[in-house]
Amino acid sequence: MSDRLNELVIGVQKTRSLQMMRWLLLGLLSVFAIWGACFIAYSALDLVFKFPVVGRLAMFAMTIGALWFAIKKLAVNPLRAERPDQDIAADVEAVQPGLEASLSTSIEFGEDGEKIERLSSKPIVDRLIDQAADRVSSESYEQAVDWAWPRRIGVAMLLVIILVGAGFAFAPTVLVPALLRFIVPFANVEPPTLAHVDNVTPGDKEVPFRTKIDVRAEVSGFRPESVVLHYKRFGKDWRAE
């Protein structure tokens with residue numbers, strides 16, 4: 001392999017490495033973005049419907065399925081695909097039209113001596129290699145890799161992180177139990193709620209009939225506009241007011 005051909009091959013291999021890095025990054029970002037989106041959707045639904053174990057298992061299975069599809073589609077399949085060097089060279093030619101097909105043809109014939117003997121001649125291929133090496137710019141190898149989608153998904157993931165972080169800060173009674181119920185469907189965790197009663201005084205206590213008592217409740221989360229007091233008289237059923 002001539003030095004000039006080796007120069008072209010090294011450039012194409014650089015593009016290949018960047019493309020693999022792109023697919024890996026795209027897959028990882030997609031996994032985190034999809035997981036975050038599924039968690040936000042689950043939290044909202046669980047807040048309304050208070051999913052039983054079966055419902056939580058169904059949501060868990062759908063999330064795993066979406067994550068597996070994203071990993072396979074955006075990372076595993078592209079990384080396992082064995083694209084020949086001339087196909088990678090064609091990607092470089094697409095961003096530098098002045099190359100025409102000189103780079104991919106140089107790689108195709110330069111790496112296959114038998115093809116040169118059958119379809120061309122060494123002097124012609126050497127001139128083509130020199131022409132491609134003179135025309136190609138080092139920036140073209142990097143420009144052949146499109147980073148637009150990883151950037152878009154990265155921004156989407158950042159928004160999801162901000163939303164989830166804000167949720168944990170301002171609505172812990174919603175997202176904390178929702179997270180536990182989301183990642184461990186069988187967990188014995190109370191469903192999410194906008195408000196949670198942390199303490200009630202005087203609590204579970206008997207008092208003489210017609211005694212005036214002051215009932216106070218400590219509430220975390222969003223303060224409700226109204227409350228319901230459950231009480232019962234001796235020998236009577238529970239009442240709510």
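User: Is K50 buried, exposed or partly exposed, and what is its relative accessible area?

Analyst: Please keep in mind throughout that this is a predicted model. K50 is found in the loop between α1, which covers residues 3-49, and α2, which covers residues 53-80. Buried means under 20% relative accessible area and exposed means over 50%, with partly exposed in between. K50 falls in that middle class and is partly exposed, with a relative accessible area of 35%.

User: What is phi of K50, and why does that value deserve a remark?

Analyst: Most residues other than glycine have a negative phi. K50 is a residue other than glycine, yet its phi is positive, with a value near 50°.

User: Where is E100 found, what is its phi, and is E100 buried or exposed?

Analyst: E100 is found in the loop between α3 (85-95) and α4 (102-110), and, although E100 is not a glycine, its phi is positive at about 55°. Since exposed means over 50% relative accessible area, E100 counts as exposed, with a value of 60%.

User: Is the peptide bond from T201 to P202 cis or trans, and what is its omega?

Analyst: Most peptide bonds are trans, which is the background for reading this one. P202 lies in the loop between β1 (195-201) and β2 (216-221). The bond that leads from T201 to P202 is cis, and its omega is near 10°.

User: Which residues form a nonpolar patch on the surface, and what is their accessible area together?

Analyst: The patch is formed by V197, V200, V207, I213, V215, V219 and L229. One of these residues, I213, lies in the loop between β1 and β2, and I213 is partly exposed, with a relative accessible area of 41%. Together, the residues of this nonpolar patch have an accessible area of about 490 Å².

User: At what angle do the axes of α1 and α6 cross, and which handedness does the crossing have?

Analyst: Helix α6 spans residues 122-135, and its axis comes within 9 Å of the axis of α1, the two crossing at roughly 50°. That angle makes α1 oblique to α6. The handedness of the crossing between α1 and α6 is left-handed.

User: What separates the closest N and O atoms of E241 and R239, and which residues are joined into one network?

Analyst: E241 forms a salt bridge with R239, and their closest N and O atoms are 3.8 Å apart. E241 counts as exposed at 56% relative accessibility, whereas R239 is partly exposed at 44%. Elsewhere, salt bridges that share partners make one network, whose joined residues are R4, D130 and D134.

Note on methods. Residues numbered from 1 in each chain as written. Predicted model: local features only at pLDDT ≥ 70, side-chain atom pairs only at ≥ 80, totals over all residues. Heavy atoms only, no water. Helix = DSSP H or I, 4+ residues; strand = E, 2+ residues; numbered from the N terminus. Buried < 20%, exposed > 50% of the residue type's maximum accessible area, 1.4 Å probe, protein only. Patch = residues over 30% accessible without salt bridge, like charges linked within 9 Å, V, L, I, M, F, W, Y side chains within 5 Å. Areas by Shrake-Rupley, 256 points an atom, 1.4 Å probe, with all protein chains shown as cover. Salt bridge = Lys/Arg side-chain N within 4 Å of Asp/Glu carboxyl O. Axes fitted to C-alpha atoms, helices over the stretch in contact; angles between N-to-C directions. Parallel < 35°, antiparallel > 145°, perpendicular 65-115°, else oblique. Left-handed = near helix turned anticlockwise from the far one by under 90°.
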